[in-house]
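Here is a briefing on one structure.

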Amino acid sequence: MQWKANWIKPIEDFGDICPLFSKEFISDRPIKAAKLFITSLGVYEAVLNGNRIGNFVLAPGWTSYAKRLQYQEYDVTSLLSTHNQISVTVGKGWYRSRLGWESFPEQKKLQAAPAAFLAQLEIFFQDGTTTMICSDNSWLCGKSNVLFSEIYDGETYDASYLPVANSPVETFEGPFSTLIEQQGEDICEQEQLRPARRFQTPKGEWVFDFGQEVTGYVEINLTAKAGDKVVLSHAEVMDKDGNFYTENYRSAKAKYCYVCKDGKQTYKPKLTFFGFRYIRVDQFPNGTQSANLENFSAIVVHSALKRTGHLSCSNPLLNQLFENIIWGQKGNFLDIPTDCPQRDERLGWTGDAQVFVKTAALNFNVEKFFTKWLSDMSADQEEDGRIGHVIPDIIKDGGSAAWGDAAVICPWEIYLAYGNTQILSNQFNCMKKWIDYITSHTQDKNLWTGGTHFGDWLGLDAPVGSYKGSSREDFIASAFYAYSTSLVIKAGKILGEDVSQYKVLYKNITSAFQNTYPEYMTQTECVLAAHFKLAPDCQSAADQLADMIRESGIKLQTGFVGTPYLLHVLSDYGHTELAYSLLLREQYPSWLYPVTKGATTIWEHWDGIMENGDFWSPDMNSYNHYAYGAVADWVYGTAAGIKTDENAPGYEKVIICPNPDQRLTWLKASLETKHGLIRSEWKKKDDVWQYEIETPTNTSVSIANQTYEVKKGTYIFYSACDK
Ligand code: BGC
């Protein structure tokens, strides 16, 4: 891409008001094609002759801006006429918002940037000539209707005046060397939900419930007088007394203010987003009681990912859990994988993505999405190999076990899911450097001791007052050191790289681990020792785990680190029935407990709302945190039994080994792969399990300890139901 355009910014300081840039031009010959290339420091909305350009909201998306800034290309041929006006509104977006719960220096630097943009419109005429309309000092600017827009705090829009662009702009040395063409998926409006109900709380406030926690914004439709105001607040849950609860948004104001024009009107914010299920009407023309169901709809916004996986079964609570996992992913896959979409974080926490990536790649096609995010990870990796806690790395701190390991685990899972070695070659250097970082930062050779870690984050065996479960941090760090090294070896072999040094390292870590940690003290320690094949006797580690769970009354205690592998370890070592007992448990703690409390997404805490209705402390209590949704990969991979052969990844060769349980009478899973649709279904019929398997390619099917090699087709199998 040859940029002829200049970065431009307003000369006048508009403060919080988003500038509107504008340019009029004539195009007096028949047009063959016209393309617009555009990006901004912030987020932009571009309009040509009154029509919004493209469906991408919150463009140019979020990347590690200091290293990579995406631009978009739009075909605008059909929007041009003879007399044209192009206008661009620039909001703070991720670039210039106060991201992070405190003022991180990296973000402070970005925040100081001007509300600027860069655009180049290339017009190709039918007579073979071309022209270019570039951002330069011939543009004008003014105050747009967006008086305020910020990621955490929301948006204020005044529709009561017509904006005028009559102030000059100036060109400046904006970033060119960091510009890249768009690498990720578009962020688009995906669905529209009407409120399920309107009610008045005990405090007398009017609240609308969309019936589903979503990420996006509310569209308002109303008839009003110029100057009338609509003010809305957002919330995820109502408190014990039925009142609107916003404390867990922490400092994020998440406010939406709209000043009306005369007449019938519709508005939706486009330069920010909110995570919410409920809105409270704080102000409305003729009083808050006059707002009704027709005035609002929720617009769901996320990256345009293709849905690939579906799960359903005979248990309605479990079906709701599956739905919640999907909604958790929708709500948190808005250009980068975020921890949550509502409070003053919404950051690309590496640990959360690592925990969920396998499930994510089953539910939706996330290859392109992760390719972009992992490119940001490589770009942000420190010289010494350290990986930030969040990517884009606005915190400039990192190096936690299981969080930094996202550098290795995410590319590996994406490779397995889609069978494309490109992600491994893109990331191999970053993967190795992460291992080398550990090697050069540990206190004890061949283990990972010392350092600052998040431990088994939010594990239920946490000492009072701590967020970290009681599994030993050195144990977790050393276990992930071993596991990530084993994946670097596998990836290197696939790429034809020399991995001899990592093979020696892996052997040394395994033996140091076994010598240092002969005993396992917690559920998570058993899980890691068995799942990462570090225990000298994995069966006995899994048996110990099963005993611990039974002795505790079928209660899991695992946090972010142990939970994703918990059911796998049980079922891999003969405790499938116990794995189902955990999955189907409805009392706290369990995956279904939040469902019994009305959850529509996955909670950050097993007890986000406690049995007595109280909340966990507001400082760390999100109701849309996808991490524990990682359990879905066990349902696809073990309950329905669909897996890819690691030696023929991307489901080039499929392995299907269903594991039915008497407590469900049927279960269905399907997965759209690049080879075609895979389906595994089982149901109980007259004390016999009937399995229906559809596969697009060579497949090993294992039923009741018998393995059958089959080709593309649909097959029915039977096995006896054990009582
Ligand atoms: C985030 C988590 C994250 C964690 C790190 C939290 O504030 O919301 O999901 O992984 O910090 O410990």
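Asp661 is buried, with a relative accessible area of 6% (buried means under 20% relative accessible area, exposed over 50%, partly exposed in between, with a 1.4 Å probe and protein chains only). This is a predicted model, in which local features need pLDDT of at least 70, side-chain atom pairs count only at pLDDT 80 or more, and totals for chains, interfaces and linings use all residues. Residues are numbered from 1 along each chain as its sequence is written, and side-chain values use heavy atoms, with hydrogens and water left out.

**Around Asp661**

- Asp661 sits in the loop between strand S29 (654-656) and strand S30 (666-673). Helices (H or I, at least four residues) and strands (E, at least two) are DSSP runs, numbered from the N terminus.
- Setting aside neighbours within four places in sequence, Asp661 contacts Glu577, Tyr580, Leu584, Trp682 and Trp689. Contact means heavy atoms within 4.5 Å.
- Ala632 is 29 residues from Asp661 along the chain, and 16 Å separates their C-alpha atoms.

**Nonpolar cores**

- The largest nonpolar core has 238 residues, of which Trp94, Phe296, Val366 and Phe370 touch the most other members. Such a core is a set of buried Ala, Val, Leu, Ile, Met, Phe, Trp, Tyr and Cys residues joined through side-chain atoms within 4.5 Å.
- H8 gives this core its largest share, twelve residues.
- A second, separate core has eight residues, including Tyr245, Tyr593, Ile609 and Tyr623.
- Not counting residues up to four places away in sequence, Val366 touches Leu305, Gln329, Phe333, Ala360, Ala361, Ile414 and Tyr418.

**Helix packing: H6 and H8**

- Helix H6 (residues 406-418) packs on helix H8 (residues 473-495) at an angle of about 45°, with the axes 10 Å apart. Axes are lines fitted to C-alpha atoms, for helices over the stretch in contact, and angles run from 0 to 180 degrees between N-to-C directions.
- H6 and H8 are therefore oblique to each other. Angles under 35 degrees count as roughly parallel, over 145 as roughly antiparallel, 65 to 115 as roughly perpendicular and the rest as oblique.
- H6 contributes Val408, Ile409, Trp412, Glu413 and Tyr415 to the contact. H8 contributes Phe480, Tyr483, Ser484, Leu487, Val488, Lys490, Ala491 and Ile494.
- Residues of this contact divide into ten nonpolar, one polar and two charged. Ala, Val, Leu, Ile, Met, Phe, Trp, Tyr, Cys and Pro count as nonpolar, Asp, Glu, Lys and Arg as charged, and the others, Gly among them, as polar.

**Helix H12**

- Helix H12 (residues 563-572) has nine of its ten residues buried, so it is largely enclosed by the rest of the structure.
- Among the buried residues of H12 are Tyr565, Leu566, His568 and Ser571.

**Backbone exceptions**

- Most residues other than glycine have a negative phi, and most peptide bonds are trans.
- The Ala59 to Pro60 peptide bond is cis, with omega near 10°. Pro60 lies in the loop between strand S5 (51-52) and strand S6 (69-75).
- The Ile391 to Pro392 bond is also cis, with omega near -10°. Pro392 lies in the loop between helix H5 (367-380) and H6.
- Asp687, not a glycine, has a positive phi of about 60°. At 40% relative accessibility, Asp687 counts as partly exposed.
- Ala704 has a positive phi near 45°. With a relative accessible area of 55%, Ala704 is exposed.
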